[in-house]
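Trainee: I am new to this one. Could you walk me through it with a few questions and answers?

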Amino acid sequence: MIIKIEDKTIFTKNMRSKHTILVPAMSPIHFQFLKTAFKQSGYNVVLLLSKDQGAVDEGLRYVNNDACYPAILVIGEIISALKSGKYDLNNTSVMISQTGGGCRATNYIAYLKKALIDSGFKNIPILSANLNNLEDNPGFKLSLPLVNRILMSIIYGDLLMKVLYRVRPYEKIEGSANELYKK
């Protein structure tokens, strides 16, 4: 059977206020801020945080094991979330970053499209977070205010990550660096 990967469900302007957008948190420190940035721009983003063997197993059902491990993990995470029953599938979309360069991450969208089709979720819209207009969805735009918030999120995430990782090895009370970070 030949699957036409270019067939897709469009994310419309009307969906923006109704849809829950599932996003794999590829860097939890940064993505907590990115979630807020998207929320302030009118998107309802839910971060998928379960990095477990179940997500890997699910990813391996739909992504060739020659793909990079992060692709297998995030696609497994997305499919697991869609199968979980937690989300109204008529009002759910997924978002993943797309580099547009020579990195294998450019292929995540194609892997995800095929996985959604193969797992029975072909009507779930896929949003591509990229600055190159690689995917067109009229209800999703990286506006200048949103890009500004994204950049601030990255800066704050980098700062907190560096401070946490620099201090954690020297903590006198185990777990105190993480507690301070959470606060």
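This is a predicted model: local features need pLDDT of at least 70, side-chain atom pairs count only at pLDDT 80 or more; totals for chains, interfaces and linings use all residues.

Trainee: How far apart are the end C-alpha atoms of helix α2?
Mentor: Helix α2 covers residues 28–40, which is 13 residues. At 1.5 Å a residue, it should span 18 Å. The model agrees with that, as the distance between its end C-alpha atoms is 19 Å.

Trainee: Which elements do the buried residues of α2 pack against?
Mentor: Let us start with the helix itself: Ile 29, His 30, Phe 31, Leu 34, Ala 37 and Phe 38 are buried in α2. The partners of these buried residues include strands and helices. They are β1 (20–24), β2 (44–48), β3 (92–97), α6 and α7 (176–182).

Trainee: Is Asn 137 buried or exposed, and which backbone nitrogen lies 2.8 Å from a polar atom of its side chain?
Mentor: Asn 137 sits in the loop between β4 (126–129) and α6. Its relative accessible area is 2%, so Asn 137 is buried. Among the residues Asn 137 touches are Lys 8, Thr 9 and Ile 126. The backbone nitrogen in question, 2.8 Å from a polar atom of the Asn 137 side chain, belongs to Phe 11.

Trainee: Which backbone oxygen does the side chain of Thr 92 reach?
Mentor: Thr 92 lies in strand β3 and is buried, with a relative accessible area of 1%. Its contacts include His 19, Leu 22 and Tyr 87. At 2.6 Å, its side chain reaches the backbone oxygen of Asp 88.

Trainee: Which residues are linked with Glu 58 in a network of salt bridges?
Mentor: Side chains of opposite charge can pair when their charged atoms come close. Glu 58 forms a salt bridge with Arg 61, with the closest N and O atoms 2.8 Å apart, and Lys 83 forms one with Glu 58 at 2.7 Å. The residues linked with Glu 58 in the network are Arg 61 and Lys 83.

Trainee: How many residues apart are Lys 114 and Asp 118 in helix α5?
Mentor: The side chains of Lys 114 and Asp 118 meet in a salt bridge, 2.5 Å from N to O. Lys 114 is partly exposed at 34% relative accessibility, and Asp 118 is partly exposed at 35%. About one helical turn separates them, because their spacing in helix α5 (residues 108–118) is four residues.

Key
Residues are numbered from 1 along each chain as its sequence is written. Side-chain values use heavy atoms; hydrogens and water are left out. Helices (H or I, at least four residues) and strands (E, at least two) are DSSP runs, numbered from the N terminus. The expected span of a helix is 1.5 Å times one less than its number of residues. Buried means under 20% relative accessible area, exposed over 50%, partly exposed in between (1.4 Å probe, protein chains only). Contact means heavy atoms within 4.5 Å. A polar contact is a pair of N or O atoms within 3.5 Å; within protein, one must be able to donate a hydrogen and the other to accept it, and residues adjacent in sequence count only if both atoms are side-chain atoms. A salt bridge is a side-chain nitrogen of Lys or Arg within 4 Å of a carboxyl oxygen of Asp or Glu. Lists of a residue's contacts leave out its neighbours within four places in sequence.
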